[in-house]
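Please work through the following exercises with the sequence and the 3D view side by side. Each task is followed by a solution that goes step by step.

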Amino acid sequence: MTGKRPVLAGLAGICGVLLVAPSASAEVEPGGWTSQSPSFNVQERGCGQVDNLTFKLTCSTGSGDQRAERRYATYTGGTRQFEGYFKITSLGGTRISLKQTFRDAPSAGPYFMLAVERGGRLYAVHGGSTVANGATVGTNVRVNTVHQVGSSHRTYINGSLKHTYDSPGGSFYDKFGAYRTSSGQGPATVVWSGIKFWRK
């Protein structure tokens, strides 16, 4: 019996490595990626509150600028990948945008916005198509966006491709947090984690 223990310990060690290995390189598309750490600003508007990676809309106001988010540095050209995990810890309202890819000047404005309805449906704000279901309160959801500027923008939920959108050229930036859409309202609390960026 005692002779088997080192073997079992060795197998446990190997299994541990196999289980951990995927998180060391989490890109959802084939290699050539370079890790990045872009700068960001915290944006709090209206009843939006940010505490590190916890984003809250504390009111149920259905108008005006209600947002709590991080706005990352502008990029131009190339292919960019974002990865993050969100967990909605409370959602008294509905139609709250969680992750956005915005166009910067001179054509500034929303380009792709991923939002959630009460009940857990994730959808693309422009066009309204369903991206995924199951983003219910308390559920951890992994989001990857791969933006090939001038070609396409792809959204992955929990590692599976769920949405593809044509992309023009120009300048863009990433945002995430909790953001009232034009038809939505809070309150809402969203906790993000595991934020990573790559480029190629």
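## Exercises on charged side chains

The side chains of Arg 67 and Glu 69 pair in a salt bridge, with N and O 3.2 Å apart. This is a predicted model, in which local features need pLDDT of at least 70 and side-chain atom pairs count only at pLDDT 80 or more, while totals for chains, interfaces and linings use all residues. Residues are numbered from 1 along each chain as its sequence is written, and side-chain values use heavy atoms, with hydrogens and water left out.

**Exercise 1.** Locate the salt bridge between Arg 142 and Glu 83, and state which strands hold the two residues.

*Solution.* Next, the pair links distant parts of the chain, since Arg 142 belongs to strand 12 (residues 140-148) and Glu 83 to strand 7 (residues 79-91), 59 residues apart; strands (E, at least two residues) are DSSP runs, numbered from the N terminus. Finally, Arg 142 and Glu 83 are both buried.

**Exercise 2.** Describe the salt bridge of Asp 65 with Arg 45, and name the network to which these residues belong.

*Solution.* The closest N and O atoms of Asp 65 and Arg 45 are 2.9 Å apart. Asp 65 lies in the loop between strand 4 (54-57) and strand 5 (67-72), whereas Arg 45 is in strand 2 (residues 40-45), 20 residues apart. Asp 65 counts as partly exposed because its relative accessibility is 33%, and Arg 45 likewise counts as partly exposed because its value is 36%. Salt bridges that share partners then join Arg 45, Asp 65, Arg 67, Glu 69 and Lys 175 into one network.

**Exercise 3.** Characterise the surroundings of Arg 80.

*Solution.* Arg 80 is in strand 7, and it counts as buried because its relative accessibility is 11%. Leaving aside residues up to four places away in sequence, Arg 80 has contacts (heavy atoms within 4.5 Å) with residues including Trp 33, Tyr 75, His 147 and Trp 198. Arg 80 and Trp 198 are 118 residues apart in sequence, yet their C-alpha atoms are 5.9 Å apart in space.

Definitions and conventions: Salt bridge = Lys/Arg side-chain N within 4 Å of Asp/Glu carboxyl O. Helix = DSSP H or I, 4+ residues; strand = E, 2+ residues; numbered from the N terminus. Buried < 20%, exposed > 50% of the residue type's maximum accessible area, 1.4 Å probe, protein only.
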